[in-house]
Structure formats: C-alpha cells, structure tokens
Protein chains: 2
Amino acid sequence: MKDDDALRTELRALVGADGVLTEGADTAPFLVDERRLYRGRALAVALPRTVEQVARVVGWCNEHRLGLVPQGGNTGYCGGATPDESGRQLLLSLRRLNRIRAIDADNFSITAEAGCVLASVQQAADALERFFPLSLGSEGSCQIGGNLATNAGGLNVVRYGMARDLLLGIEAVLPDGQVFDGLKSLRKDNTGYDLKSLLVGSEGTLGVITAATLKLWPKMRSSATAFVALATPENAVKLLGVLRAQAGERLSSFELLPRIAIELTTRYISGVTDPLTTAYPWYILCELSSAADEPLSELLQQTLADAAERSLLLDAALATSERVRAAFWRLRETVPEAQRLAGSSLKHDISVPVASLPAFISEASLWVQAHVRDGVLVCYGHAGDGNLHFNISGIDRARSETFLAQEPQIRRAIHDLVAKFAGSISAEHGIGRLKREELRRYASPVALGAMRAIKQALDPNGIMNPGKLL
Amino acid sequence: MKDDDALRTELRALVGADGVLTEGADTAPFLVDERRLYRGRALAVALPRTVEQVARVVGWCNEHRLGLVPQGGNTGYCGGATPDESGRQLLLSLRRLNRIRAIDADNFSITAEAGCVLASVQQAADALERFFPLSLGSEGSCQIGGNLATNAGGLNVVRYGMARDLLLGIEAVLPDGQVFDGLKSLRKDNTGYDLKSLLVGSEGTLGVITAATLKLWPKMRSSATAFVALATPENAVKLLGVLRAQAGERLSSFELLPRIAIELTTRYISGVTDPLTTAYPWYILCELSSAADEPLSELLQQTLADAAERSLLLDAALATSERVRAAFWRLRETVPEAQRLAGSSLKHDISVPVASLPAFISEASLWVQAHVRDGVLVCYGHAGDGNLHFNISGIDRARSETFLAQEPQIRRAIHDLVAKFAGSISAEHGIGRLKREELRRYASPVALGAMRAIKQALDPNGIMNPGKLL
C-alpha cells in the first residue's frame with residue numbers, strides 16, 4: 001500500500017495542486033458534520049472543477065481501493081458526508097463544480113452542476129419567470145447534488161414531491177470511474193431501468209452525482225397563507241382533505257405545530273409573536289400559491305369558513321401582508337433553533353400514512369408522558385406528507401445528561417411505534433451513519449438483500465461512501 | 001432436464017389443477033401480443049390466485065432454470081409479455097390476482113393487486129370521491145401490474161406524471177421467489193435505495209409485481225375542454241406555457257393533432273366531425289380540471305383569448321356540453337383506429353424535450369417527405385410531455401408491401417433524429433422484444449452496463465422475462 005504522501009502527490013496530478021487540501025486548518029470544516037455528531041479524518045480533501053476530474057478521482061480511488069466520501073454543502077443531519085476516523089478515506093467536495101449549465105424556460109427545465117447552492121438554482125429559475133420548488137431551511141448553503149443524493153424533502157413536498165420527483169435527468173460518475181451521462185430533459189422516457197431514481201437517495205454509495213436536469217414550474221404570482229388553530233390532529237387530517245378538494249394542487253404547504261412550538265419560539269426567538277390571541281392545542285400553517293393572478297386569499301378564507309362550519313377549526317389568522325406571511329413562516333422555521341436554545345433535544349424524523357397521524361401522535365404522546373423523565377414533546381412538521389419531527393426537548397438544563405441518557409430507549413420505543421404504524425424511521429433526512437443500525441433493524445431482510453446485491457454489483461470494491469446507509 | 005409433463009404436474013401441485021392451462025385452445029390468447037407481432041409457445045399458462053402461489057411458481061422456475069414471462073392484460077405494444085417460440089418458458093398470468101386490498105380516502109391511497117383492470121381501480125377510487133389519474137386507451141382491459149411493469153403514460157401525464165409517479169408502495173416477488181413487501185403508503189420515506197422505482201418500468205425482468213399502493217386525488221368536479229387550431233407546433237409550445245402560467249396544475253391534458261388526423265378520423269370513424277368549420281394545419285386538444293367547483297370554462301376562454309391576442313392560435317371551439325367534450329376526445333382517441341382502417345402504418349413512440357418539439361417535427365417531416373414513398377406522416381400525441389406518436393401511414397393499399405419494406409430505413413432515420421435531439425426511442429410503450437436492438441444501439445454503454453449489472457445481481461439465473469428489454 002502506498003503511503004499517504006505518495007497518494008496525495010498522485011491526487012494533485014489528477015486535480016491540480018490547488019484542488020487538494022491536506023492541512024488541518026483547511027480540511028477541518030469538511031471533516032465535521034452539521035450536528036457535530038461525527039468528526040472524521042481524511043487522506044485529503046479533493047475539490048475537482050470538472051466532471052472529468054471527478055471521474056479521474058473516482059477511478060483512481062477504485063484502483064487503490066480507497067474509500068471516497070462525496071460532500072455537498074455539508075448540511076446533512078445523519079453524518080452521511082463525514083469520513084470515518086481512519087484517515088485513509090478521501091473527501092470529495094463538489095463545491096467547485098457549481099455552474100448552471102443550461103436553463104430553458106420553454107422546456108421548464110434547468111441543468112445545474114452538483115455544487116450549485118440550492119438558493120442559486122431557485123434564483124436562476126426566478127430570473128426567467130420560472131419556479132424551482134425545492135425549499136428547506138438550509139437552502140442558502142446546501143447544494144443540489146447533496147439534495148439529490150439524500151432525496152431532500154422540505155416545505156413544498158405536499159404539492160411537488162421530494163427531490164427525486166423534481167428530477168428529469170442526471171449525470172453521475174459510477175464507482176468504476178465511468179461517467180453516466182443521463183442528462184435528459186424528457187418528461188417521458190421508457191428505455192430501461194430507472195437508474196436516476198436509484199442514484200437519488202443512495203447517499204453517495206452508488207456513485208457521485210455531478211449534475212442534474214431539474215423540472216421547473218411557472219413563477220408563482222399569487223399566494224395566501226393562514227395560521228389555523230385546531231383542537232386535534234384528527235381535524236388537521238380532515239382540514240387537509242377539505243383544502244385538497246377546494247384548492248387542489250394550489251395547496252403547497254401544510255405544516256403542523258403544537259402549542260409548545262408557539263411557547264418556545266415566542267420565548268426564545270426575538271420578534272416572534274403568537275399569531276392568535278388565545279392559546280390553542282394545535283396549529284396548521286398552510287399556504288396556497290398559483291402562477292396565475294388569482295384571488296387566493298378569498299379562496300382560502302372561504303375554504304376555512306367551510307371547515308369552521310364543519311367544526312374542524314377553532315380560529316384562524318390570514319396573512320394580510322407579506323410581512324405577516326413572513327412572520328408566520330419565521331415562527332415555523334425557528335422551531336429547531338428555539339429547541340436548541342431551550343436545551344438539549346432528541347430528534348426523530350419519522351413518517352406514517354397521513355391518515356394515521358392522529359393515532360400515531362396520540363399513542364406516541366402517551367408513551368412519552370409515561371416514560372420520559374425531564375422531557376417534553378415537541379412534535380411538529382410536514383403533516384401534509386405524514387412527516388413529523390417527533391422531537392423531545394429537555395426541560396431542565398441541570399439534568400441534561402440524565403435526559404439524554406434515555407436516548408436509546410426513547411428511540412427504540414418511537415421507532416417501534418413507527419413500525420407498528422407502517423411508517424418510516426427516516427422520512428426526509430436519510431440514513432447516513434446515524435441510522436445504519438436502525439435501518440438494519442427495521443428494513444425487511446428482502447429489501448436489504450436486494451439493496452446489498454445492487455451495491456455489490458455497481459461498487460464491487462466498496463469504495464463509495466463506505467460505512468454509510470448499508 | 002425434466003420432461004414437460006413432469007414439470008406441468010409439479011406446477012399443478014403449486015397452484016392447483018385449475019390454475020394451470022396447457023391445452024392449445026386455452027393458452028392461445030396468452031401467446032400472441034396485442035399487435036400480432038409475436039406468437040410464442042409456452043410450457044403452460046399459470047394463473048395463481050395469491051401472492052404465495054406467485055412466490056412458489058417463481059421459486060420453482062428459478063430452481064428449474066425455467067424462463068418466466070409475466071403477463072397482465074396483454075395490451076402492450078412491444079411484445080414484452082409474449083413468450084419465445086421454444087415452448088420451454090412459463091407464462092404467468094396475474095389476472096386472478098385482482099382484489100382491491102384497501103382504499104383509504106383520508107390517506108388518498110388505494111392498494112390494488114396486479115391483476116386489477118385499470119378501469120376498476122379508477123372506479124373504486126371514484127366510489128369514495130377520489131380520483132386515480134392514470135388513463136389510457138386500453139384502460140378497460142389493461143391491468144395495473146402491467147401498467148407499472150411498463151411505466152405506462154397516457155392522457156394525464158402533463159399533470160400527474162407516469163405510472164411510476166403515482167406509486168407509493170409495491171409488493172413484488174423477486175427472481176429468487178422471495179416476496180418484497182414494500183406496500184407502504186408513505187409520502188416520504190428515505191430509508192435506502194428506491195427499489196420500487198427500479199421495479200417499475202423493468203418490464204418483468206427483475207421480478208413480478210403482485211400489488212401496489214397508489215396515490216389518489218380528490219374527485220374532479222369541474223372541467224373545461226377546448227379544441228384549438230394553430231399555425232405551427234411552435235405556437236403549441238408557447239400555448240402550453242401560457243396555459244401552465246394561467247391555469248397551473250389544472251391543465252391535465254395537452255394533445256397535438258395534425259390536420260390529417262381530422263381527415264382520417266372524419267373519413268373512417270362514423271360520427272366524428274371536424275370541431276371547426278375551416279381547415280387548419282395543427283390542433284391542440286386541451287383540458288383543465290379541478291376538484292373544486294370552479295368556472296374553468298371562463299378561465300380557459302380567457303386564457304385562449306390572451307393567447308389569441310399574442311397570435312398563438314387561429315381558432316378554437318370550447319366544449320359546451322359533456323357530449324361535445326366526448327366528441328373531441330373521441331376524435332383524439334380514434335386516430336390509431338382510423339390509421340388502421342386507412343391501411344398499413346409504421347409507428348414510432350418517441351419523445352424529445354418539449355421545447356424541441358417544433359424543430360424535431362420540422363426536420364423529421366422534411367425527411368419523410370423527401371425519402372418515404374407511398375406514405376404520409378400522421379404525427380400526433382402527448383405534446384405536453386414532448387411525446388409524439390410519429391407514425392407514417394401507407395396511402396396506397398396496393399403498394400402496402402413496398403411501403404412496409406421501407407421500415408428499417410425509416411426507423412433508423414427517425415430514431416437517429418430522436419437521438420440528435422436528445423430524445424427517447426421509447427417514450428411510453430417500453431422496450432419489450434420489439435425495441436431491444438434499438439436500445440442496444442441508442443442507450444449509452446455506461447447505462448447499459450449498469451442495467452446489466454443490476455439484472456445479473458437480482459436475477460443471476462436469468463429466469464425473469466428472458467429476451468426482453470436487455
């Protein structure tokens with residue numbers, strides 16, 4: 001086996017001296033994950049500028065049997081882009097591969113390289129009167145390649161689907177260093193297996209996504225947003241049905257918040273206020289949007305009035321200005337920050353069938369009340385997709401350690417309940433390193449067997465993101 | 001190797017005597033494809049009633065290295081469900097596996113077994129005020145398992161996507177006889193590789209789909225339909241942009257027809273009349289629909305008026321009644337029948353990026369005019385998806401043979417042009433047996449290599465639908 005210095009010299013020959021980082025101060029930001037759960041080491045950090053350079057690096061890793069960890073904006077929640085502690089893996093950052101290669105308004109498509117920051121893709125679309133709907137908290141720093149590798153979700157899934165659903169074509173370097181040029185911008189293409197859907201969500205274990213052709217929509221010109229109070233999650237599911245029937249695909253967000261989310265954000269985040277004058281047990285933040293000039297506020301008001309007549313809601317505030325709308329969204333988006341400021345927390349990114357949300361919340365809440373010490377449930381999220389961030393916050397800083405020590409039992413109980421409801425232990429954050437053991441426990445052996453067979457077939461030397469997902 | 005009679009006896013033990021057909025008169029309908037391109041032979045036709053029986057049959061075929069050909073409604077256009085001529089393959093019909101297992105209105109989902117006829121899935125949804133959008137000419141006889149195995153498209157793709165996009169969960173028997181139970185009804189699930197998307201469109205070469213959980217929408221309560229005359233395909237693409245901007249996702253169909261489609265259908269199909277009083281070169285049949293009670297006719301009328309102001313259209317007829325709407329659709333849907341009645345034809349199910357439709361049609365039409373003898377172009381289809389049925393009809397019955405003899409050169413020229421426009425040689429019909437050689441010619445070697453590796457990994461004995469797709 002060659003020594004590290006010899007390998008680094010070869011690597012510099014592949015991507016140029018300025019494309020290889022080896023000094024601790026330079027590499028440090030790449031070697032720790034967003035949540036500071038993992039700190040890895042690396043042979044080097046490679047920063048290729050072209051697909052050809054990526055292909056060369058992957059082929060070289062394959063030849064030397066070196067583990068390769070692709071990384072986008074490094075905003076993942078499951079440690080999927082952090083190398084292990086051996087110091088023998090190569091960190092491949094896509095950040096310099098960041099050109100918008102093409103955008104076609106008539107074709108409603110954009111082709112972006114993996115390292116494009118999500119917000120820059122949104123902006124490029126907007127400049128041509130088009131709309132790219134993927135939207136999430138980290139959109140200012142996450143990269144489209146990472147969004148695809150992890151099949152990112154976010155705030156508009158109820159209308160537009162996950163990252164996989166937004167994809168028309170893909171370019172990727174396969175584990176043997178060959179470039180799969182699947183950058184089609186076709187709406188229909190039935191010529192063989194769906195390799196692009198397989199690469200999306202494979203978390204860098206089957207290849208390196210280098211570019212993607214993505215679907216665009218017409219730019220949105222109208223919107224209406226409401227903050228709705230409800231007695232129960234049952235009523236939230238019914239309200240969702242009413243909104244889908246009366247507003248159709250114009251429903252673009254449907255977020256659930258419990259009372260405690262208001263209490264945490266109004267206490268810890270400066271400027272956040274309760275949109276309603278009375279306290280209620282549950283809230284829905286919903287938004288309609290349309291590319292046409294439509295009276296969506298009236299439609300939303302009428303729909304909520306119909307829902308009120310059916311006793312589905314207790315109160316509601318409509319956003320009367322962009323400022324109010326932004327305030328509603330700020331409340332929703334700062335829940336994680338408020339939780340962080342409030343103390344430690346245990347997080348579970350889970351989903352169940354939308355219709356099962358009420359029963360799941362009821363049963364899981366009872367369990368938390370009965371079994372968790374020094375913790376309080378903060379269960380919120382993308383209810384329109386059945387996706388909850390089923391988090392538990394420590395309520396006593398002094399007892400943070402004993403609170404956190406309950407993690408294994410709490411995780412087991414919640415994930416067991418998710419399984420009972422035929423749900424998912426990772427709705428939108430993926431598996432990475434964090435949930436590997438959980439996947440092994442909860443996935444069907446037949447599914448795991450098929451995944452392992454595919455991994456072995458495409459990456460027989462196991463160089464692609466070793467120790468992640470499978 | 002066991003003789004045929006011994007194998008048939010074993011098979012009867014697996015699925016019951018009434019589940020195995022061997023007599024020529026009984027098996028004949030299963031052994032010829034819809035277009036009468038292929039006539040195969042089979043060891044037997046197996047008709048299992050349960051997933052367990054399917055698993056037993058697949059495991060048994062794997063053990064005996066017998067080729068297995070799954071078949072749904074047998075309505076495919078590419079010979080993908082017809083066995084070869086050896087008489088040693090087993091035909092597995094899913095038609096008796098035809099229960100609706102569950103339907104959940106609140107969850108907007110339905111779970112149907114593979115043998116359910118598509119129309120019966122639509123009807124089951126409708127009975128609960130829900131809508132299942134997959135719609136195609138053969139919906140009265142095609143089966144949902146076949147729709148998924150071939151990733152069917154149809155008339156509503158512009159709004160709802162292909163069959164793959166309608167899928168939440170899948171149950172399938174893998175080539176080793178194991179049951180993959182992936183019947184989740186989750187909107188979000190990031191736990192590993194997307195096996196369901198891989199099975200969809202794999203045309204029975206990676207396993208047998210036995211059931212699926214599918215997305216439902218609210219039942220549609222309003223619609224508006226127009227038959228629009230245009231000067232050019234360029235204007236059709238621009239009109240599509242205007243409709244998407246002003247009607248948003250309410251646009252559910254956008255079909256292109258050339259003048260000759262009117263001439264053929266009005267001449268050969270009884271009762272079809274030209275919706276407009278003057279002849280025009282091109283037409284769009286478009287439809288808006290909504291789950292709400294909305295004045296869609298007014299919206300469509302206003303949108304078309306705006307388009308007319310921008311000189312995008314020449315004339316338009318709005319459907320003023322369900323009867324008129326049905327007449328518009330009958331014209332569109334009887335184009336293939338009119339072509340058949342007019343004489344022989346050469347068909348190409350292709351797609352290009354939507355924005356490239358005009359340039360493709362222009363260049364391909366010029367080629368046809370210059371090179372095809374005794375034929376006339378009938379180019380129509382799902383323009384909203386960039387999908388054309390680029391067909392050429394023989395115009396002189398007496399010269400049908402010499403017309404058809406041009407098939408190889410015509411196919412080569414059209415598919416070469418499709419490749420030049422970065423299109424697909426099979427937009428919605430799949431590969432089957434018909435287009436295997438074409439796939440080998442036009443697919444990238446890297447993509448083909450990855451597909452073969454996956455096939456080898458999941459079906460090492462090559463029992464699943466041998467000779468199809470790859």
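The structure is a predicted model, in which local features need pLDDT of at least 70 and side-chain atom pairs count only at pLDDT 80 or more, while totals for chains, interfaces and linings use all residues. Residues are numbered from 1 along each chain as its sequence is written, chains are lettered from A in the order in which they are written, and side-chain values use heavy atoms, with hydrogens and water left out.

**The contact between the chains**

The size of an interface is often given as the accessible area lost when the parts come together. Here chain B and chain A bury about 6,200 Å², with 60% of this on carbon and sulfur atoms; buried area is the accessible area (1.4 Å probe) that two parts lose on being put together, summed over both. On the side of chain B, the residues that lose the most area to chain A are B:K188, B:N190 and B:Y193, which together account for 17% of what that side buries. Each chain brings 78 residues to the contact, where contact means heavy atoms within 4.5 Å.

Between the two chains there are 10 salt bridges, a salt bridge being a side-chain nitrogen of Lys or Arg within 4 Å of a carboxyl oxygen of Asp or Glu. One of them joins B:K188 to A:D385, with the closest N and O atoms 3.3 Å apart. Another joins B:D385 to A:K188, also at 3.3 Å from N to O. In this second pair, B:D385 lies in the loop between β18 (375–382) and β19 (387–394) of chain B, and A:K188 lies in the loop between β9 (179–182) and α7 of chain A. Helices (H or I, at least four residues) and strands (E, at least two) are DSSP runs, numbered from the N terminus. Over all chains, the structure holds 64 salt bridges.

**The cavities**

The whole structure contains 6 cavities of 30 Å³ or more. A cavity is a set of points, on a 1 Å grid over the protein atoms alone, where a 1.4 Å probe fits but cannot get out, and its lining residues have an atom within 4 Å of a point. Grid points are joined across faces, edges and corners, and a volume is the space filled by probe spheres set on the points. The linings are sorted by residue type: Ala, Val, Leu, Ile, Met, Phe, Trp, Tyr, Cys and Pro count as nonpolar, Asp, Glu, Lys and Arg as charged, and the others, Gly among them, as polar.

| Cavity | Volume | Lining residues by type |
|---|---|---|
| Largest | about 90 Å³ | 3 nonpolar, 4 polar, 8 charged |

The lining of the second largest cavity includes A:L174, A:F180 and B:A450. Helix α7 (residues 195–199) of chain A gives the most to this second lining, with 3 residues.

**A glycine of chain A**

A:G59 belongs to helix α3 (residues 51–64) of chain A. Although A:G59 and A:L174 are 115 residues apart in sequence, their C-alpha atoms are 8.8 Å apart in space. Leaving aside residues up to four places away in sequence, A:G59 touches A:D176 and A:G177.

Methods
On a 1 Å grid over the protein atoms alone, a cavity is a set of points where a 1.4 Å probe fits but cannot get out, and a pocket is an open set with protein on both sides within 12 Å along at least five of seven lines; lining residues have an atom within 4 Å of a point.
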